[in-house]
Amino acid sequence: MPFKLARISGKAALVKGEHYYDLKTISNNVFDEDSLNALNNLDELNTLNSTLDSLEPTGLIKGALINSPISSPMNCYAVGLNYRNHAEEAEMEIPDVPMIFTKHTTCLVGPHSEIEMRSDHVDYEAELVAVIGKSGKNINKKDAWSHVAGLCIGQDISDRVVQFAAKPPQFNLGKSFDTFGPMGPFLVSLDSLDDKESLQIECKVNGEIRQNDNTNDLIFDVPSIISYLSEIVTLNVGDVIFTGTPGGVGVMEGKFLKEGDVLTTSIEGLGSLENTCKRIASHSGVK
Ligand code: ZN
């Protein structure tokens, strides 16, 4: 049974049609307000989801404050250079192993949050995001999808100056400024999608299409990333994986994000993020 898990005004909720249903309320306190805890009991969540039509909605999605569907995962991983056309535009070799870095979980924000920029070199990266629903270690590729609770959209916002400031570069901080991880709008279960391995992905800045690709172009697909990662680290329920961005990022043409820009990121079957850029300060490494 397809579900959409959300966080509305900080509280876990299920979404159906135009409405959301507060999870704690409709479950008579079986679930609490933390959406991550809901992933620990996916069977019960599915059961509850199948009864939504008979329940009173908590409110309308339109006008609600939608947060990142997962608030504080234990870890947030990301993959660099994971689309062929992006590796080529960056003049980098096609990688033999996934190029993994982390985004600090404090950067995760909602689908309509402002992006707070501290230099003139902030860039967008539209990405498919997988969220772990079953913990695991040494997960085989063929079992990997069974460890995924659902998919959503992510923006791996990057300050290119800080990303490449150290020699050799260390990506974490340049991609982890507060607000640099818009995510959502909802966590969509895999059975909601006709083909979870082939989804159109698009990024627009003020309506101009900058990135347009399909997730079937990933060099390392979701099972490959999960298998690779889980040989090294235990994947926990709620862990977030940004799977990489297609070609068309702004840095290639010097088209960085500016004050007031509206960034729209869409993936087939998952909805859209719409984030407005705000220049709030200058960091000490500004060039
Ligand atoms: Zn990225």
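1. The donors of the zinc ion follow the pattern E-x1-E-x28-D along the chain. The pair E125 and D156 links distant parts of that chain, 31 residues apart. E125 sits in the loop between β10 (122–123) and β11 (126–132). D156 sits in the loop between β12 (148–155) and β13 (158–159). Please keep in mind that this is a predicted model.

2. Zinc site, contacts. Three residues coordinate the ion: E125 through OE, E127 through OE and D156 through OD. The distances run from 1.9 to 2.1 Å. Are E125 and D156 buried or exposed? Both are buried.

3. The nonpolar core. The largest nonpolar core has 72 residues. L5, L23, L151, M183, I226 and L257 touch the most other members. Strand β11 gives this core its largest share, 6 residues. As a general point, nonpolar side chains in soluble globular proteins tend to be buried together.

4. β15 covers residues 200–205. Its covered face carries I201, C203 and V205. Its uncovered face carries Q200, E202 and K204. The strand has an antiparallel partner in β16 (residues 208–214), joined by 6 bridges. Here C203 has Q211 as its bridge partner. β15 also runs antiparallel to β18, with 5 bridges.

5. The β15–β16 hairpin. There are 2 residues between the strands. N206 lies in this loop and takes a positive phi near 50°. N206 counts as partly exposed because its relative accessibility is 48%.

6. Strands β18 and β19. β18 (residues 262–267) pairs with β19 in the antiparallel sense over 6 bridges. L263 stands opposite N275.

7. Another positive phi. N138 has a phi near 50°, and is a residue other than glycine. N138 is in the loop between β11 and α5 (141–144). With a relative accessible area of 52%, N138 is exposed.

8. Cis peptide bonds. P168 is in the loop between α6 (160–163) and α7 (171–174). Another cis bond runs from G184 to P185, with omega near -5°. P185 belongs to a strand, β14 (residues 181–188). In general, most peptide bonds are trans.

9. Aromatic pairs. How many aromatic pairs are there? The count comes to 3. F164 and F171 pair edge-to-face, 5.5 Å centre to centre, with 75° between the planes. Why does F164 count as partly exposed? Its relative accessibility is 37%. F171, by contrast, is buried, at 14% relative accessible area. F177 and F180 form a tilted pair, 4.9 Å centre to centre and 40° between the planes. Both F177 and F180 are buried. F101, F164 and F171 make up one aromatic cluster.

10. Lysines over rings. K103 lies over the face of F242, 5.5 Å from the ring centre. K196 lies over the face of W145, 5.1 Å from the ring centre.

11. The loop at G17. G17 is found between β2 (11–16) and β3 (19–22). Relative accessibility there is 67%, so G17 counts as exposed. The C-alpha atoms of G17 and Q163 are separated by 40 Å. Along the chain, these two residues are 146 residues apart.

How values were computed: Residues are numbered from 1 along each chain as its sequence is written. This is a predicted model: local features need pLDDT of at least 70, side-chain atom pairs count only at pLDDT 80 or more; totals for chains, interfaces and linings use all residues. Side-chain values use heavy atoms; hydrogens and water are left out. Two strands pair if DSSP finds at least two bridges between them. Helices (H or I, at least four residues) and strands (E, at least two) are DSSP runs, numbered from the N terminus. Buried means under 20% relative accessible area, exposed over 50%, partly exposed in between (1.4 Å probe, protein chains only). Donors are N, O and S atoms within 2.8 Å of the metal (3.2 Å for Na, K and Ca); water is not among the atoms, so sites may look incomplete. Rings of Phe, Tyr and Trp (its six-membered ring) pair if their centres lie within 6.5 Å; planes under 30 degrees apart count as stacked, over 60 as edge-to-face and the rest as tilted. A charge sits over a ring if NZ of Lys or CZ of Arg is within 6 Å of the ring centre and within 35 degrees of the ring normal. A nonpolar core is a set of buried Ala, Val, Leu, Ile, Met, Phe, Trp, Tyr and Cys residues joined through side-chain atoms within 4.5 Å.
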